[in-house]
Amino acid sequence: MYKIQTLNAISDVIFGQLGDRYTVSPDMQEPDAILVRSAAMQDTALPDSLLSIARAGAGVNNIPVDKCSQLGICVFNTPGANAGAVCELTLAGLLLSGRDVTGGVEWAKTLKGQGAAVEKQVEKGKGQFVGPEIAGKRLGVVGLGAIGLRVANAAAALGMNVMGFDPAITVEHAWLLSRQIERAGSLDELLAACDYVTLHVPLTDGTRGMIGTDALRKVKKGVRVLNFSRGGLVDSAAMLSALADGTVARYVTDFPSDDLLLVKNVLCIPHLGASTPESEENCAVMAARQTRDYLENGSIQNSVNLPDVALAPVSKPRICLIHQNIPNVLGSITAAVSAQRLNISDLVNRSRASLAYTVVDLDEMPQNPDALQTSLAAIDGMLRVRMLGM
């Protein structure tokens, strides 16, 4: 039996993935795994029992990933599960960034009570809300992951000229990208060429404030900027300055902040990007499936701190080890196994930055599993030892 703690309301579709071997509760003590959406975990105590945390969403800023790595806790996210929802809202933002539809709707409400004069007032006042069509304009898509590539392909289908920039694009995503998409050699090249710019990259130390004073000096005059990824990608002070002098015609963001609210030509949407029932269910299904596969088999997919490792279901005694990516650990592991006169039938070793993950399948059951686990845990750099099928 496995114990799962939920830190937010998670769709009941998770039970279709987990089955009857799992007990799920928001009040679970000593859980094996945590499922979370937006709850802040930076100050959350992490029990020794905890093996994994799965974020039902793409961003993991609410999870102390570095601390989890030090404790040998696997952290998952669910990239692509909300891609359809965010893509749709980005397209809506793209359209709203041209004509001032929201301003026009609010103005139309003020005509209430004028009776037959409403139609005449509409024709007289509509000119203040006009704006350009998107067809034939150039859209720059920064980040061509699951969401960005969908936005790029959809915009191209709507008649836009699309330029993409992503130095880390995967082969899979490159294959899915429309041939119409032009590749930018640099972010500066994209900024200088595009009438619209939309951001679809994670928030990291390297991307924080990427659209700041320096970047906004390089944009095409009158550019429209969309941010449906993370608020911190854009330096708000620099953006407000660029809006004031007309460098940026409009800024559409899914991340309102006090300094952006009620500012002319800023459209703040209340973080609705993934807020659809379909998206929430997709994220919950992916998070539950990844958790199940890790707990039962040791398989890792979409971890943000450990390498992906696809494993068959457990059919022999299996040892899963998380350790620092330093010399001699693998030799120490095989030595500890050999010391118990055990034969290794299969061994997988993968690394990611400072961490490594090693999985050892044995031909037979150890005579003393506890002693083997103790010797493995004592290896220099070892962070977590799990025994499956024993």
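1. The second largest pocket holds about 300 Å³ of space. A pocket here is an open set of points on a 1 Å grid over the protein atoms alone, with protein on both sides within 12 Å along at least five of seven lines, and lining residues have an atom within 4 Å of a point. Its volume is the space filled by probe spheres set on the points, which are joined across faces, edges and corners. Of the 14 residues lining this pocket, Asp100, Val263, Lys264, Asn265 and Val266 are the closest to its centre. The elements giving two or more residues to the lining are H4 and strand S12 (266-268); helices (H or I, at least four residues) and strands (E, at least two) are DSSP runs numbered from the N terminus.

2. A word on the model before you go on: it is predicted, with local features needing pLDDT of at least 70 and side-chain atom pairs counting only at pLDDT 80 or more, while totals for chains, interfaces and linings use all residues. Residues are numbered from 1 along each chain as its sequence is written, and side-chain values use heavy atoms, with hydrogens and water left out.

3. Asp100 comes up again in a salt bridge with Arg250 (3.4 Å, N to O); the term means a side-chain nitrogen of Lys or Arg within 4 Å of a carboxyl oxygen of Asp or Glu. Arg250 lies in strand S11 (residues 248-253) and Asp100 in the loop between H3 and helix H4 (101-109), so this pair ties together parts that are 150 residues apart in sequence. Both Arg250 and Asp100 are buried, that is, under 20% relative accessible area, with exposed being over 50% and partly exposed in between (1.4 Å probe, protein chains only).

4. The structure holds twelve salt bridges, so do look at a few others. Arg138 pairs with Glu182, their closest N and O atoms being 2.7 Å apart. Arg138 is partly exposed at 23% relative accessibility, and Glu182 is partly exposed at 35%. Asp361 in strand S15 and Arg318 in strand S13 are 43 residues apart; their salt bridge brings N and O to 2.8 Å, and both residues are buried.

5. Next, the largest nonpolar core, which has 32 residues. Such a core is a set of buried Ala, Val, Leu, Ile, Met, Phe, Trp, Tyr and Cys residues joined through side-chain atoms within 4.5 Å. Helix H11 (277-297) is one of the elements supplying at least two residues, and its seven residues are the largest share. Leu295 is among the residues with the most contacts inside the core. Beyond its neighbours within four places in sequence, Leu295 is in contact with residues including Tyr2, Ile4, Leu51 and Leu388, where contact means heavy atoms within 4.5 Å. Another core, apart from this one, has 29 residues, including Ala184, Val201, Ala238 and Val266.

6. Finally, helix H6 (residues 146-157) is worth a visit. Its twelve residues reach 17 Å from first C-alpha to last, close to the 16 Å expected at 1.5 Å a residue; the expected span is 1.5 Å times one less than the number of residues. Its buried residues include Ile147, Leu149, Val151 and Ala155. Among the elements covering the buried residues of H6 are helix H3 (83-96), strand S6 (138-142) and strand S9 (196-199). After H6 comes Gly159, with a positive phi near 95°.

Methods:
On a 1 Å grid over the protein atoms alone, a cavity is a set of points where a 1.4 Å probe fits but cannot get out, and a pocket is an open set with protein on both sides within 12 Å along at least five of seven lines; lining residues have an atom within 4 Å of a point.
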